[in-house]
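Q: I am new to this model and would like a close look at one chain of it.

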Amino acid sequence: MNVFVDTWDYLFDGANWGGSGGMWRLLVQQLLITVTALVAAMAVGLPVALWLGHLGRGGFLAINISNVGRAIPTFALLALLVTLDWPGVTTFGPYGRAGIATLLALTAFALPPIITNSYVAVTEVAAEVKESARGMGMTSWQQFSRVELPLALPLVAAGVRLALVQVWATATIAALVAGPGLGRVITDGFYNSYYGKGIAGAVVVALVALVLELLAALGQRLVHPLPRAAVRRTDDSMPAPG
Amino acid sequence: MTLLGLQVATAASEPSCYSRAVNDWVCGAYLADRRQQLVEATIEHLWITTAAVLLGVAIAFPLALLARRQPRLEGLVLGVSTGLYTIPSLALFPLLVPFTGISATTVVIGLAAYALTILVRSMLEGLRSVPADVRESATGLGYSPTSLLFRIELPLALPVIMAGLRIATVSTVALTTVGALVAHGGLGNLIQDGVFSNFRAELLAACVLCVLLALLLDVLLVLTQRLLTPWTRGGAAA
């Protein structure tokens, strides 16, 4: 198949990687956006979800945010944000054109897995452990920070890991509104009937997704308090891909 | 502002709310004038979603049965279907194009692959949730493996399977929009057109229709589940 030859040629032509529109630059751009969106989502979602989990209330809220999040296409959200007058920023530093809109849409996209997993993680800490902590005279904050949080950490990390890979993959959608990132290689290739280029972009994105997944799995293992113990994943650990 | 006023003034008749000068977000005239287009896009969206989910179910069911029977295959089946999930949708459609061309088939196959992950997991979990003693009693009553599966296990596994089906359906509706990349994205085509031509009425209408479609299908699935599992109605709804 000719397309695969084109793909191969595109991938192994150094000219396609360097330069201002090269794939390295786009890759770094997309990584930057992914990490920023993930950090923003963690900053918003983790404190709320963990504390609600500690109180054992608000589960309805957490699950519903997750469900509504699934029904709203990221592409639709992104398209609306780009067309809105606010935040009408055409360039946003290293994030490029349509950067703010992409960041907001991706942050919103990363929230459901982070919130659901963190909430479930804290509520699922064994009741007798919580009770012993209270019996030892720990204050509410001590119970949370010394007992619940360390025990919940693996599941929280699983949620963040899931969000990371999904945000990375979804960040490519930015290209549909002429935003930053590797998605541009894919759409460029397609709109100009240069399928080799489009497929080359897809291959790079998929490979980086796999690398991120492996790195995240490694990180998740590092935060585990009890090495190699079974970590239960929730049913809800599979929200929408972008 | 004066420029805008001038444009409006020079237009002979009252400009419609979706002209270049006005460009309202909500515009009744647009909905009336382009009804045909909106209906066609919604129908395309609906059938792509339905076909993808049905294809996903058709593939997931035998896979789940296989994985349950051969524990060794389970890791492989779950691994491959989860691996598919890490491929971005924007990348998956292009990867399929050399085989299926620029067609709705590409979108349907891609979406089915994503639905597969959720469906296989929920089917396995559902079948596992059937208590062993129930299975044993059925065998004791003389049920053959096939009738045990269809008359005992599947009905009991239905709440869990339906939960997975709901997630798969709603996310497939959302993901279908990305099919705009290969010109078969249903409402996604309108969203993309709305962005590129800065056409707010079209953009918002398509987005709202998309969310409504997802919610509608979700409600339909919940109702179907109620009808199929009348025994769960008394207790907590699954």
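In what order do the elements of chain B run from the N terminus on?

A: The model is predicted: local features need pLDDT of at least 70, side-chain atom pairs count only at pLDDT 80 or more, and totals for chains, interfaces and linings use all residues. Numbering starts from 1 along each chain as its sequence is written, while chains are lettered from A and ligands numbered from 1 in the order in which they are written.

From the N terminus on, chain B runs α-α-α-α-α-α-α-α-α-α. That is 10 helices and 0 strands, where helices (H or I, at least four residues) and strands (E, at least two) are DSSP runs numbered from the N terminus. Of the 238 residues of chain B, 40% are buried, meaning that 20 or more other C-beta atoms, placed from the backbone, lie within 10 Å of the residue's own. In helix α7 (residues 132-140) of chain B, 0 of the 9 residues are buried, so this helix lies largely in the open. After α7(B) comes Gly142(B), with a positive phi near 100°.

Contacts (C-beta atoms, placed from the backbone, within 7 Å) can be sorted by sequence distance. Of those in chain B between residues at least 6 apart in sequence, 68% join residues at least 24 apart.

Chain B also touches chain A, with 37 residues from chain B and 37 from chain A taking part. On the chain B side, two or more residues come from each of α5 (89-100), α6 (104-128), α8 (145-176), α9 (187-196) and α10 (200-228). That side holds 26 nonpolar residues, 9 polar and 2 charged; Ala, Val, Leu, Ile, Met, Phe, Trp, Tyr, Cys and Pro count as nonpolar, Asp, Glu, Lys and Arg as charged, and the others, Gly among them, as polar.

How values were computed:
Contact = placed C-beta atoms within 7 Å. Buried ≥ 20, exposed ≤ 12 C-beta atoms within 10 Å, placed from the backbone.
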